Amino acid sequence: MKNVFLFMTDRLAVRQYREDDVERLFHYSQQKSARELPNEVFEDLEEAGSYIEQAMLNYRVIHYPHRYAVVLKAENKMIGTLTFKRMQDLNIRVDILIGEEYQKKGYATELAAASSEYAKQKLGLKELYAV
């Protein structure tokens with residue numbers, strides 16, 4: 001499958017979802033840390049697949065939310081998710097989920113800084129809220 005990257009850091013790449021991300025997305029949604037934050041939690045693989053299909057449709061029409069896979073470059077493996085969401089007050093919030101086995105390594109901090117820079121430069125945003 002083709003990779004469409006938004007941005008990269010030294011260790012991470014943020015790319016559009018692909019159909020083969022469904023199992024990892026479902027796996028991460030079932031972890032305890034995913035349930036503590038405002039992240040999507042899926043009942044089954046089919047629901048996770050529908051989420052990815054909707055994200056792929058949104059890429060074509062520039063429509064929020066923008067949902068992406070976070071990939072650890074050294075392993076070429078999806079380790080989490082990044083979502084830009086428009087809130088009721090019209091501000092944009094960034095939701096970051098890193099799989100539990102990859103937490104406490106500074107990935108979320110690295111991703112928050114890079115996504116803020118991306119949002120300012122490419123999306124024209126002045127403010128961004130990260131969760």
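Tutor: Let's go through the pairs one by one. This is a predicted model, so local features need pLDDT of at least 70 and side-chain atom pairs count only at pLDDT 80 or more, while totals for chains, interfaces and linings use all residues. Residues are numbered from 1 along each chain as its sequence is written, and side-chain values use heavy atoms, with hydrogens and water left out.

Side chains of opposite charge can pair when their charged atoms come close. Searching the whole structure turns up 6 salt bridges (a side-chain nitrogen of Lys or Arg within 4 Å of a carboxyl oxygen of Asp or Glu).

Take Glu-110 and Arg-11: their closest N and O atoms are 2.6 Å apart. Glu-110 sits in helix H4 (residues 107–122) and Arg-11 in the loop between strand S1 (5–8) and strand S2 (12–16), so this pair ties together parts 99 residues apart in sequence. Helices (H or I, at least four residues) and strands (E, at least two) are DSSP runs, numbered from the N terminus. Glu-110 is buried at 19% relative accessible area, whereas Arg-11, at 31%, is partly exposed. Here buried means under 20% relative accessible area, exposed over 50%, and partly exposed in between (1.4 Å probe, protein chains only).

Next come Arg-18 and Asp-20, joined at 2.9 Å, N to O. Arg-18 is buried at 16%, but Asp-20 is partly exposed at 44%.

Then there's Arg-93 with Asp-95, at 2.7 Å from N to O. Arg-93 is buried at 15%, and Asp-95 is buried too, at 2%. Shared partners link Lys-85, Arg-93 and Asp-95 into one network of salt bridges.
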